[in-house]
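Open the model in your viewer and keep the sequence panel beside it. This tour tells you what to select next and what you will find there.

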Amino acid sequence: MTDIRGLGYLRIQTTDIARWRELVVDGLGMAVGNGPESDGLYLRIDERRARLIVLPGDTDKALAVGWEVRDQFALQRVRETVEKAGIQVELLSEAEATYRDAEQVIAFDDPAGTRVEVFFGPVLDHSPIVTPFGGRFHTGEEGLGHVVLPVANFDAEYAFYTEVLGFLPRGAVRLGGLSAPPPVRRVRFLGVNRRHHSLALCPAPPGAAPGLVHLMLEVDTLDAVGQALDRVRTLGFSISSTLGRHTNDKMVSFYVRAPGGWDLEFGTEGMLVDETFYTAEEITADSYWGHDWSESEPLAAFSPQPSKS
């Protein structure tokens, strides 16, 4: 069983922080928190000071995916396990950990080049959280939500998260359907708590910089999802996928395109897994209904990369 308890935070860099603020604050209703970078955007949805950190830069990329463990002993076990796998692990300084609102943090690159930060002792903000539209986000024991990473060297990445970090397989979907010719490629879903998946790995061509397919945020009511969908449409954001219900995690959600070329999934009613009875399954349809992707623009992770001169 893994020492990882949940997705703690996501830190990204963007070339358009003003548009990001429109999306996540004015559209999806996250509260503005605070942090060390005066020009950064720190998004709060619970007692954590920031769950999503958006920093300005000259490119759009994922800076770090933060995974939480219980305590210093769990952190040490993760460090030793990753080092035994031949991956260099950096123990961040006290100042660097403070920057990340944690007591202690280790950092390393996964086989696909995504920066991973594992931490314990998150700093809490006990002031009342006031979201712009009164929405309540589902975090707690299930963590921030889930991230989907684009992966070129799929086998190495999947082995790392399952065999080294101990993520639990929570099923897959075959790309191209059951009639797809070999070699079969699958999106694989991985869990660390009762949330169906906190991580998914999606086969993708090599990218220029660490990227994302999407980040999922969950709220408490279907009305909150529908109202957010209306708001992001009014704000002029591209809807990648219409409202629908997924077959694997039962989430009712829509997808909206974020600046930088990846999506935010915004949903409700996600299932909670009981490991006593759960077995990993392969779904044959992404959704029971809805989730029409026909108007979606190409994701940055699957777009041709500029040739190097």
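**Stop 1: strand β9**

Select β9: His-146, Val-148 and Pro-150 point one way from the strand, Val-147, Leu-149 and Val-151 point the other way, and all are buried. Buried means under 20% relative accessible area, exposed means over 50%, and partly exposed lies in between, using a 1.4 Å probe and protein chains only. Six of the six residues of β9 are buried, so the strand is largely enclosed by the rest of the structure. Strands (E, at least two residues) and helices (H or I, at least four) are DSSP runs, numbered from the N terminus.

Before moving on, note that this is a predicted model, where local features need pLDDT of at least 70, side-chain atom pairs count only at pLDDT 80 or more, and totals for chains, interfaces and linings use all residues. Residues are numbered from 1 along each chain as its sequence is written, and side-chain values use heavy atoms, with hydrogens and water left out.

Now show the partners of β9. Strand β13 (residues 214-218) is joined to β9 by three bridges, and the two run antiparallel. Find His-146: opposite stands Met-216 in β13. β12 is joined to β9 by five bridges, and this pair runs parallel. Here Leu-149 has Leu-201 of β12 as its bridge partner.

**Stop 2: the whole sheet**

Which strands make up the open sheet, and in what order? Select 10 strands in the order β17-β10-β11-β12-β9-β13-β16-β15-β14-β18; their pairing is mixed. Two strands pair if DSSP finds at least two bridges between them. At the edges stand β17 (282-283) and β18 (287-290), each with a single partner strand, so one side of each has no neighbour in the sheet.

Strand β14 (residues 239-246) runs antiparallel to β18, with three bridges joining them. His-246 stands opposite Ser-287 in β18. Contact means heavy atoms within 4.5 Å.

**Stop 3**

Select Thr-268 in strand β16. Is Thr-268 buried or exposed? Thr-268 is buried, with a relative accessible area of 1%. Leaving aside neighbours within four places in sequence, its contacts include Glu-218, Leu-222, Val-225 and Met-251.

Step on to Glu-269, in the loop between β16 and β17. Glu-269 is not a glycine, yet has a positive phi of about 65 degrees. At 40% relative accessibility, Glu-269 counts as partly exposed.

Most residues other than glycine have a negative phi, and most peptide bonds are trans. For a cis bond, select Pro-182 to Pro-183, where omega is near 0 degrees. Pro-183 is in the loop between β10 and β11.

**Stop 3: the empty spaces**

Rolling a probe the size of a water molecule over the atoms shows where empty space is left. On a 1 Å grid over the protein atoms alone, a cavity is a set of points where a 1.4 Å probe fits but cannot get out; a pocket is an open set with protein on both sides within 12 Å along at least five of seven lines; lining residues have an atom within 4 Å of a point. Grid points are joined across faces, edges and corners, and a volume is the space filled by probe spheres set on the points.

The largest pocket has a volume of about 640 Å³. Among its 29 lining residues, Val-173, Leu-175, Val-187, Asp-286 and Trp-293 lie nearest the centre.

How many cavities of 30 Å³ or more does a search of the whole structure find? The search finds two. The largest cavity holds about 180 Å³ of space. It is lined by 15 residues, and the closest to its centre are Tyr-9, Ala-50, Ile-53, Arg-100 and Asp-101.

Finish on Asp-101, in the loop between α3 (94-99) and β7 (104-109). Asp-101 has a positive phi, near 60 degrees. At 14% relative accessibility, Asp-101 counts as buried.
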